[in-house]
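Good morning, everyone. Please look at the screen while I talk you through one chain.

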Amino acid sequence: MLRLIRNLIVILAVFIGLAFGFFNYDSTPVDLLWTRTQAPLSVLLGLSFLLGLIIALVVCGLRMAKLRARLSSTRRQLKDAEAEISNLRSMPIHDA
């Protein structure tokens with residue numbers, strides 16, 4: 001049932017995207033600082049979305065790599081602490 005709902009949502013999103021592209025195909029001037037061009041509005045919005053998606057994936061990927069390195073370091077520290085606790089527990093107790 002969940003798969004059916006997800007598929008319906010995807011189909012609806014694709015349909016809305018196609019309708020949006022069809023109704024917004026007017027040519028729009030774009031100034032890119034070094035050049036001036038014209039492109040359809042739907043293409044510009046799609047490219048803007050893809051550029052934002054790529055930037056977000058790069059930023060999130062870097063953050064995840066940093067967090068994975070930190071997790072690895074923390075796991076190593078935990079393993080060392082557990083080994084030290086095990087050694088301390090196995091030591092004989094001396095009365096003072």
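I will start with the whole chain and then turn to single residues.

First, the ground rules. This is a predicted model, where local features need pLDDT of at least 70, side-chain atom pairs count only at pLDDT 80 or more, and totals for chains, interfaces and linings use all residues. Residues are numbered from 1 along each chain as its sequence is written, and side-chain values use heavy atoms, with hydrogens and water left out.

Now the elements. The chain has 2 helices and 2 strands. From the N terminus, their order is α-β-β-α. Helices here are DSSP runs of H or I with at least four residues, and strands are runs of E with at least two, numbered from the N terminus.

Next, the overall dimensions. The C-alpha atoms fill a box of roughly 90 × 50 × 15 Å along the principal axes. The radius of gyration is 28 Å, while a compact globule of 96 residues would have one near 12 Å. That radius is taken over C-alpha atoms, and the globule rule is 2.2 Å times the number of residues to the power 0.38.

How much of the chain is buried? Of the 96 residues, 5% count as buried. Buried means under 20% relative accessible area, exposed means over 50%, and partly exposed is in between, with a 1.4 Å probe and protein chains only. The chain exposes about 9200 Å², and carbon and sulfur atoms supply 69% of that. These areas come from the Shrake-Rupley method with a 1.4 Å probe; for residues, only the protein chains shown count as cover.

On to single residues. V43 sits in helix α2, residues 41-90. V43 is partly exposed, at 35% relative accessible area.

F20 belongs to helix α1, residues 2-23. F20 is partly exposed too, at 41%. F20 and L41 are 21 residues apart along the chain, and their C-alpha atoms are separated by 9.9 Å.

Last, L33. Where is L33? L33 is in the loop between β1 (27-31) and β2 (36-40). L33 counts as exposed, at 82% relative accessibility. L33 is not a glycine, yet has a positive phi of about 70°. Most residues other than glycine have a negative phi. Finally, L33 and S72 are 39 residues apart in sequence and 44 Å apart in space, C-alpha to C-alpha.

Thank you.
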